[in-house]
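Please examine the sequence and the model shown below. The paragraphs that follow lead through its strands and helices.

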Amino acid sequence: MLLFYIRHGQPIYEPDSLTETGKLQAKALSERLCSYGIDEIYSSSAIRAVDTARPTADVLHKEIDVLDWCNEWHAWQELTLTDENGRPRAWLYEDEEMRKKLALPEIAALGKKWYEHELFSHHDYKAGIERIYGETYKFLARLGYEHDEKSNSYKAVAPNDKRIALFAHEGFGMAFMSAVLDIAYPLFCAHFGFGHSSMTVIDFDGRETVVPKVLQLSNDSHLYRSGLSTEYNGKYLF
C-alpha cells in the first residue's frame, strides 16, 4: 500500500476555505494524483482540506470519506502553547525557543512519553497524542495494517497494493506522521514540515511484517510544473 498524505492548499482560516492560489494548487495536485491513480480518498472535515481533495475526487469519480478526527481544530486545542488565558496561541514547533527544547537529548530519551517531562507539565499533551495515535492506528488497521507497539512495526493482516490519499493539515500531520512512523512527536515536529498542497508518500511494503518507509516528504514539484510558486508557510522557495 502507498499512503499519500497531503496538506491542504493555501488557506483562508476565517472563514475556512482556500485562497485563489490554493484552488490552483488543488488543481495542480489533482493532475499529479490522477496520473498516479488513487483508489480511496479521505479528508479531514475542515473545508480547506475537502476543497483540496475535491478536484482529485471529481476527476477520478471517487467519493471523499470525511474523517473528523483529522480536523486540525482538535489538535489545535491539544498540542499548542497557550496564552495567559489558557487559549491556544502557537503550535509547539512554531515557537523558536520551544523548538530548540523539543530537540534536546533529555526529551528524546523519553521517547513516546515525552509529555512526562517537566517542560510540558502546564498542559495535558498526553491526551491529545493518545487520541491521534489511537485514531491513526484504527485507520491503518481498517486499511489492512495493524500496529504492533512492541516492535514499532505493522502486521499486514490484509496486505494490498492500494493507493490511499488522505488530505489534512500540518499541525495535525505532525502527530499523525509521528504515529505512522513510530518517531517520537518532538523529534518529528522539530525537524520536518509540510508545505501547502504538498504530498508525503509512505510505502507499506511487505506481506507479513511491515516497517513503513518514506518515499517522498513534502513533495510539491506538481506546483513547479504548473508554474506556481513553491513555498512553506509564506516563505517562497522558488
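How many bridges join strand β1 to strand β10, and in which sense do the two run? Strand β1 (residues 2-7) and strand β10 (residues 163-168) run parallel and are joined by 6 bridges. Arginine 7 has alanine 168 in β10 as its bridge partner. The model is predicted, with local features requiring pLDDT of at least 70 and side-chain atom pairs counting only at pLDDT 80 or more, whereas totals for chains, interfaces and linings use all residues. Residues are numbered from 1 along each chain as its sequence is written, and side-chain values use heavy atoms, with hydrogens and water left out. Helices (H or I, at least four residues) and strands (E, at least two) are DSSP runs numbered from the N terminus, and two strands pair if DSSP finds at least two bridges between them.

The β1 and β10 strands belong to an open sheet of 6 strands, ordered β5-β4-β10-β1-β11-β13, with mixed pairing. Because β5 (64-67) and β13 (213-219) each have a single partner strand, they stand at the edges, and one side of each is left without a neighbour in the sheet. On average, neighbouring strands of this sheet are turned by 20° against each other, direction ignored; axes are lines fitted to C-alpha atoms, for helices over the stretch in contact, and angles run from 0 to 180 degrees between N-to-C directions.

Two helices pack on this sheet. Helix α6 (residues 125-142) touches β1, β4 (40-44), β5 and β10 (contact means heavy atoms within 4.5 Å), and its direction makes about 155° with that of β5. Helix α7 (residues 170-181) touches β1, β10, β11 (199-203) and β13, and its direction makes about 160° with that of β1.

A helix pair comes next. Helix α1 (residues 20-36) and helix α2 (residues 47-60) pack at an angle of about 40°, with their axes 8 Å apart. In α1, Ala26, Lys27, Leu29, Ser30, Leu33 and Cys34 meet Asp51, Thr52, Pro55, Thr56, Val59 and Leu60 of α2.

There remains a hairpin. Strand β8 (residues 145-148) pairs with strand β9 (residues 153-156) in the antiparallel sense over 4 bridges, and aspartate 148 has serine 153 in β9 as its bridge partner. The hairpin has 4 residues between the strands, and asparagine 152 takes a positive phi near 55° there. β9 also pairs with strand β12 (residues 209-210), in the antiparallel sense over 2 bridges, and tyrosine 154 stands opposite valine 210 in β12.
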